[in-house]
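Biologist: I'd like to learn how to read a model like this one. Can we put it up and go through it together?

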Amino acid sequence: MDFSSVKGKVVIVTGATRGIGEATAKIYGEHGMKVVCAARSEAQGEAVAKSIVENGGEAIFVKADCGKKEDIKSLIAKTLETFGRLDGIVNNAGIGMGGIPLHEYEDEDYDKIFDINSKGVFIGMKYAAEAILKSHSEGGFIINVASVAGIMAQRGQALYTATKHGIVGMTKSAALDYAPYNITVNAICPGYTQTSIFGDAPDAALDMFAKDCPAGRMGNPNECAYLALFLASGMARYITGAAIPVDGALSAGHQNVSTWRHPEIVTGASLGSNSTIAALVENEASRAIVEKYLPGFSSNAQLKQAYGMTLKQIAPMFGLPEGTLNEMLNELDNM
Ligand SMILES: NC(=O)c1ccc[n+]([C@@H]2O[C@H](COP(=O)([O-])OP(=O)(O)OC[C@H]3O[C@@H](n4cnc5c(N)ncnc54)[C@H](O)[C@@H]3O)[C@@H](O)[C@H]2O)c1
């Protein structure tokens with residue numbers, strides 16, 4: 001892929017001190033973009049900007065509470081003053097909250113989370129869009145970091161889910177506003193991603209998130225950052241109004257029970273008593289052995305439901321004496 005089209009573009013990344021924001025700012029810097037790192041912590045923000053510069057990139061830090069209109073206005077002003085233009089913004093700053101049923105939230109929680117996750121994204125989009133339009137950017141882009149909770153609800157996350165659904169809605173509506181002006185507007189929807197948003201969550205909790213994900217692991221912030229790079233590039237000019245998951249299939253659907261009929265394509269195991277019924281029935285030699293001990297086995301229509309199970313698991317249901325059962329299993333193992 002050729003990312004040279006992003007070189008020289010001026011971009012603001014909010015919440016650039018940690019996690020997905022930091023990863024995005026650094027990857028943008030590595031690819032020659034002029035990066036404005038916006039965050040509240042001066043020490044951490046300066047450190048991210050400094051590491052981009054030390055790596056040969058261009059970056060400044062601007063202190064901003066991204067939930068406050070005045071801070072966003074001066075962030076844009078400082079960007080224009082330093083780089084003379086704006087091509088894109090990544091509205092990434094946000095907080096997590098939840099793990100409790102809706103009635104257990106405090107009234108104040110609503111404003112706390114909406115101020116940054118929702119209003120922060122709105123004002124970031126509003127003032128950045130004006131500046132991008134005035135800059136006559138030839139490849140303008142707005143990227144909002146939403147969440148899988150912007151696509152599907154998560155239990156215990158009523159307020160977070162509401163803010164993230166709102167971001168996806170704003171993204172789509174604004175994409176319609178700016179499509180005629182060559183500004184793309186998209187949302188990145190991370191799944192469980194290993195960042196400080198999980199605070200001091202114990203390893204057991206992180207393990208649970210990893211297991212909940214079909215991919216069996218948590219994401220890495222760079223995996224979102226690479227999508228942010230692609231969306232900022234000339235290769236993605238026809239992608240707009242999209243909410244794109246980066247989530248190891250977490251939002252693709254519910255994980256139902258499913259068993260593989262042919263696990264040997266990944267395990268490489270050879271045919272034997274530990275093979276699935278499907279594999280044994282499809283092979284002429286093993287089918288003959290099973291039929292010898294259990295006549296009619298391979299044509300039993302009801303058994304089709306259990307084709308992902310092994311013969312070892314299911315054979316005891318047929319009431320064979322233990323000796324005969326072992327004889328059959330041995331014969332299969334020595335085929
Ligand atoms: N990590 C995940 O699993 C996950 C999943 C889905 C969505 N997200 C979203 O990704 C975004 C980034 O989160 P992260 O996981 O990197 O978390 P993080 O806590 O590591 O980083 C969040 C960043 O936002 C900044 N921030 C928060 N409030 C701010 C404010 N008022 N003003 C300026 N900066 C502020 C923080 O200082 C920090 O730099 C958030 O919007 C979050 O909701 C994260």
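This is a predicted model: local features need pLDDT of at least 70, side-chain atom pairs count only at pLDDT 80 or more; totals for chains, interfaces and linings use all residues.

Biologist: How do the residues of the shell around the ligand divide by class?

Modeller: The shell has 13 polar residues, 10 nonpolar ones and three charged ones.

Biologist: Which of the 26 residues around the ligand come nearest?

Modeller: Those are Gly 15, Gly 19, Gly 94, Ser 147 and Thr 195.

Biologist: And which helix gives the most to that shell?

Modeller: Helix 1, residues 19-30, which supplies three residues.

Biologist: Let's zoom out. How is the protein chain divided into domains?

Modeller: Domain 1 covers 4-252, and domain 2 covers 264-333. Their C-alpha centres are 53 Å apart.

Biologist: Now the helix pairs. How do I read a crossing angle?

Modeller: Compare the N-to-C directions of the two axes. Angles under 35 degrees count as roughly parallel, and those over 145 as roughly antiparallel. Take helix 3 (residues 69-83) and helix 4 (residues 107-134): their axes cross at roughly 30 degrees and come within 10 Å. Helix 3 and helix 4 are therefore roughly parallel.

Biologist: Which residues of helix 3 and helix 4 make the contact?

Modeller: From helix 3 you have Lys 69, Ile 72, Lys 73, Ile 76 and Leu 80, and from helix 4 Ile 123, Gly 124, Tyr 127, Ala 128 and Ala 131. By class, this contact has seven nonpolar residues, one polar and two charged. The crossing is right-handed.

Biologist: What about helix 4 and helix 5: at what angle do their axes cross?

Modeller: Roughly 15 degrees, with the axes of helix 4 and helix 5 (residues 158-178) coming within 9 Å. So helix 4 is roughly parallel to helix 5. Here too you'll find a right-handed crossing. Among the residues that meet are Ile 113, Phe 114, Val 121 and Phe 122 in helix 4, and Leu 159, Ile 167 and Met 170 in helix 5. The contact of helix 4 with helix 5 holds 13 nonpolar, four polar and two charged residues.

Methods
Residues are numbered from 1 along each chain as its sequence is written. A residue is near a molecule or strand if its C-beta atom, placed from the backbone, lies within 6 Å of it. Helices (H or I, at least four residues) and strands (E, at least two) are DSSP runs, numbered from the N terminus. Ala, Val, Leu, Ile, Met, Phe, Trp, Tyr, Cys and Pro count as nonpolar, Asp, Glu, Lys and Arg as charged, and the others, Gly among them, as polar. Domain bounds come from an automatic or database domain assignment. Axes are lines fitted to C-alpha atoms, for helices over the stretch in contact, and angles run from 0 to 180 degrees between N-to-C directions. Angles under 35 degrees count as roughly parallel, over 145 as roughly antiparallel, 65 to 115 as roughly perpendicular and the rest as oblique. A crossing is left-handed if the near helix is turned anticlockwise from the far one by less than a right angle, and right-handed if clockwise. Two residues are in contact if their C-beta atoms, placed from the backbone, lie within 7 Å.
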